[in-house]
Amino acid sequence: MILFSNSVYVEIPIQTVGDDRDLLREQIRRLRFHDGGTSMYSALLTTLNTLCARDQGFETWLVCLTDGCSDNVKFNEFRAELGHTPSNLHLVTIGINLHANYEQHLRAMCEKYNLVGGYESKGFFVRSDGTTGGMNDAFEVVKSKIPVSQTFDRDGKL
(Lines give C-alpha, C1' and ligand atoms only; values in the text may rest on other atoms or scores of the structure.)
Protein backbone atom coordinates (compact mmCIF):
# COMPACT_ATOMS: atom_id res chain seq x y z
CA MET A 1 0.00 0.00 0.00
CA ILE A 2 1.51 3.25 -1.15
CA LEU A 3 0.05 6.49 0.18
CA PHE A 4 0.88 9.87 -1.25
CA SER A 5 0.49 13.51 -0.43
CA ASN A 6 3.33 15.90 -1.27
CA SER A 7 5.60 12.85 -0.85
CA VAL A 8 5.28 9.12 -1.46
CA TYR A 9 5.05 6.71 1.47
CA VAL A 10 5.46 2.96 0.98
CA GLU A 11 3.41 1.96 4.00
CA ILE A 12 2.90 -1.76 3.37
CA PRO A 13 5.39 -3.36 0.97
CA ILE A 14 4.21 -5.75 -1.72
CA GLN A 15 3.83 -9.16 -0.16
CA THR A 16 2.05 -12.45 -0.49
CA VAL A 17 -0.74 -12.41 2.06
CA GLY A 18 -1.58 -16.10 2.05
CA ASP A 19 -3.51 -17.20 5.10
CA ASP A 20 -2.35 -14.37 7.37
CA ARG A 21 -5.03 -11.83 6.53
CA ASP A 22 -5.27 -10.71 10.16
CA LEU A 23 -1.69 -9.39 10.00
CA LEU A 24 -2.53 -7.41 6.86
CA ARG A 25 -5.69 -6.03 8.48
CA GLU A 26 -3.65 -4.90 11.49
CA GLN A 27 -1.11 -3.19 9.23
CA ILE A 28 -3.95 -1.35 7.47
CA ARG A 29 -5.55 -0.33 10.78
CA ARG A 30 -2.26 1.26 11.90
CA LEU A 31 -1.90 3.41 8.77
CA ARG A 32 -1.91 7.14 9.28
CA PHE A 33 -2.69 9.34 6.34
CA HIS A 34 -0.41 12.20 5.48
CA ASP A 35 -1.42 15.80 4.87
CA GLY A 36 -0.10 17.91 2.08
CA GLY A 37 -0.13 18.17 -1.68
CA THR A 38 -0.89 15.52 -4.21
CA SER A 39 1.90 13.63 -5.98
CA MET A 40 -0.13 10.93 -7.67
CA TYR A 41 2.29 10.43 -10.58
CA SER A 42 5.25 10.02 -8.22
CA ALA A 43 3.29 7.39 -6.27
CA LEU A 44 2.23 5.58 -9.45
CA LEU A 45 5.80 5.65 -10.77
CA THR A 46 7.08 4.19 -7.48
CA THR A 47 4.46 1.46 -7.71
CA LEU A 48 5.22 0.64 -11.35
CA ASN A 49 8.93 0.40 -10.61
CA THR A 50 8.24 -1.91 -7.67
CA LEU A 51 5.88 -4.13 -9.65
CA CYS A 52 8.13 -4.33 -12.70
CA ALA A 53 11.09 -5.36 -10.53
CA ARG A 54 9.21 -8.49 -9.43
CA ASP A 55 8.93 -11.69 -11.44
CA GLN A 56 5.56 -11.25 -13.12
CA GLY A 57 4.35 -14.49 -14.61
CA PHE A 58 0.78 -13.62 -13.70
CA GLU A 59 -1.80 -10.87 -14.17
CA THR A 60 -1.03 -7.86 -11.98
CA TRP A 61 -3.56 -5.18 -11.11
CA LEU A 62 -2.65 -1.73 -9.82
CA VAL A 63 -5.64 0.05 -8.27
CA CYS A 64 -5.42 3.82 -7.74
CA LEU A 65 -8.00 5.81 -5.78
CA THR A 66 -7.87 9.49 -6.69
CA ASP A 67 -9.84 12.68 -7.06
CA GLY A 68 -7.75 13.30 -10.19
CA CYS A 69 -5.88 16.32 -8.86
CA SER A 70 -2.10 15.99 -8.90
CA ASP A 71 1.02 17.98 -9.38
CA ASN A 72 2.78 17.09 -12.62
CA VAL A 73 6.03 16.05 -10.95
CA LYS A 74 7.08 12.72 -12.51
CA PHE A 75 4.17 12.75 -15.01
CA ASN A 76 6.39 12.32 -18.08
CA GLU A 77 8.42 9.58 -16.39
CA PHE A 78 5.22 7.81 -15.28
CA ARG A 79 3.69 8.01 -18.75
CA ALA A 80 6.84 6.60 -20.37
CA GLU A 81 7.19 3.82 -17.77
CA LEU A 82 3.50 2.89 -18.03
CA GLY A 83 3.87 2.55 -21.79
CA HIS A 84 6.68 0.03 -21.32
CA THR A 85 5.12 -2.14 -18.62
CA PRO A 86 4.38 -5.78 -19.42
CA SER A 87 1.06 -6.63 -21.05
CA ASN A 88 -0.01 -8.48 -17.90
CA LEU A 89 0.14 -5.31 -15.74
CA HIS A 90 -3.15 -3.42 -15.71
CA LEU A 91 -4.11 -0.07 -14.17
CA VAL A 92 -7.50 0.46 -12.57
CA THR A 93 -8.42 3.97 -11.47
CA ILE A 94 -11.30 4.80 -9.14
CA GLY A 95 -12.19 8.46 -9.55
CA ILE A 96 -13.64 9.75 -6.29
CA ASN A 97 -15.77 12.90 -6.51
CA LEU A 98 -13.99 13.48 -9.77
CA HIS A 99 -14.20 16.75 -11.63
CA ALA A 100 -15.33 15.99 -15.19
CA ASN A 101 -12.13 17.50 -16.66
CA TYR A 102 -10.05 14.62 -15.24
CA GLU A 103 -12.08 11.62 -16.36
CA GLN A 104 -10.81 11.25 -19.93
CA HIS A 105 -7.22 11.57 -18.76
CA LEU A 106 -7.70 8.84 -16.13
CA ARG A 107 -9.39 6.60 -18.69
CA ALA A 108 -6.41 7.08 -21.03
CA MET A 109 -4.04 6.13 -18.21
CA CYS A 110 -5.95 2.88 -17.71
CA GLU A 111 -5.53 2.14 -21.41
CA LYS A 112 -1.79 2.85 -20.99
CA TYR A 113 -2.20 5.84 -23.31
CA ASN A 114 -2.27 3.34 -26.18
CA LEU A 115 1.54 3.40 -26.13
CA VAL A 116 1.95 -0.36 -26.02
CA GLY A 117 1.05 -2.12 -29.25
CA GLY A 118 -0.01 -5.66 -29.87
CA TYR A 119 -2.53 -6.11 -27.08
CA GLU A 120 -5.53 -4.45 -25.53
CA SER A 121 -5.11 -3.29 -21.94
CA LYS A 122 -7.55 -4.77 -19.43
CA GLY A 123 -7.27 -1.63 -17.30
CA PHE A 124 -10.40 0.38 -16.64
CA PHE A 125 -11.84 3.44 -14.93
CA VAL A 126 -14.62 3.49 -12.29
CA ARG A 127 -16.38 6.62 -11.06
CA SER A 128 -17.44 6.94 -7.38
CA ASP A 129 -19.24 9.67 -5.48
CA GLY A 130 -17.11 9.00 -2.41
CA THR A 131 -19.95 7.92 -0.14
CA THR A 132 -19.71 4.59 1.65
CA GLY A 133 -22.28 3.12 -0.74
CA GLY A 134 -20.51 4.62 -3.75
CA MET A 135 -17.15 3.23 -2.64
CA ASN A 136 -18.65 -0.22 -2.04
CA ASP A 137 -20.20 -0.10 -5.52
CA ALA A 138 -16.86 0.93 -7.06
CA PHE A 139 -15.02 -1.92 -5.33
CA GLU A 140 -17.71 -4.38 -6.47
CA VAL A 141 -17.05 -3.26 -10.06
CA VAL A 142 -13.31 -3.77 -9.53
CA LYS A 143 -13.88 -7.16 -7.93
CA SER A 144 -16.14 -8.26 -10.80
CA LYS A 145 -13.61 -7.31 -13.49
CA ILE A 146 -10.45 -8.74 -11.96
CA PRO A 147 -10.21 -12.47 -12.64
CA VAL A 148 -11.42 -14.54 -9.69
CA SER A 149 -8.05 -16.26 -9.39
CA GLN A 150 -6.52 -12.87 -8.62
CA THR A 151 -8.94 -11.87 -5.86
CA PHE A 152 -9.91 -13.03 -2.43
CA ASP A 153 -13.36 -13.04 -0.97
CA ARG A 154 -14.24 -9.95 1.00
CA ASP A 155 -15.42 -11.01 4.43
CA GLY A 156 -16.42 -7.56 5.65
CA LYS A 157 -13.30 -7.18 7.79
CA LEU A 158 -10.95 -5.62 5.25
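Lys74 is partly exposed, with a relative accessible area of 36%. Here buried means under 20% relative accessible area, exposed means over 50%, and partly exposed lies in between (1.4 Å probe, protein chains only). This is a predicted model, in which local features need pLDDT of at least 70, side-chain atom pairs count only at pLDDT 80 or more, and totals for chains, interfaces and linings use all residues. Residues are numbered from 1 along each chain as its sequence is written, and side-chain values use heavy atoms, leaving out hydrogens and water.

Lys74 has a partner. Its side chain meets that of Glu77 in a salt bridge, 3.6 Å from N to O. Glu77 is partly exposed too, at 44%. A salt bridge is a side-chain nitrogen of Lys or Arg within 4 Å of a carboxyl oxygen of Asp or Glu. By this rule there are four salt bridges.

Now turn to Glu103. Its side chain meets Arg107 in a salt bridge of 2.7 Å, N to O. Both residues lie in helix 4 (residues 100-110), four residues apart, so about one helical turn separates them. Helices (H or I, at least four residues) and strands (E, at least two) are DSSP runs, numbered from the N terminus. Glu103 counts as buried at 17%, while Arg107 is partly exposed at 33%.

Glu103 also forms a salt bridge with Arg127, at 2.3 Å, N to O. This pair links distant parts of the chain: Arg127 is in strand 5 and Glu103 in helix 4, 24 residues apart. Shared partners join Glu103, Arg107 and Arg127 into one network of salt bridges.

Follow Arg127 into strand 5 (residues 124-128). Four of its five residues are buried, so the strand is largely enclosed by the rest of the structure. Arg127 itself is partly exposed, at 43%. Strand 5 pairs with strand 4 (residues 89-96) in the parallel sense, over five bridges. Strands pair if DSSP finds at least two bridges between them. Arg127 is the bridge partner of Gly95.

Next come the rings. The whole structure holds three aromatic pairs. Rings of Phe, Tyr and Trp (its six-membered ring) pair if their centres lie within 6.5 Å; planes under 30 degrees apart count as stacked, over 60 as edge-to-face and the rest as tilted. Tyr41 and Phe75 have centres 4.9 Å apart and planes at 75 degrees, so their pair is edge-to-face. Tyr41 lies in helix 2 (residues 40-53) and Phe75 in helix 3 (residues 75-83), so the pair ties together parts 34 residues apart in sequence. Tyr41 and Phe78 form a tilted pair, 5.8 Å centre to centre with 40 degrees between the planes. Ring pairs link Tyr41, Phe75 and Phe78 into a cluster.
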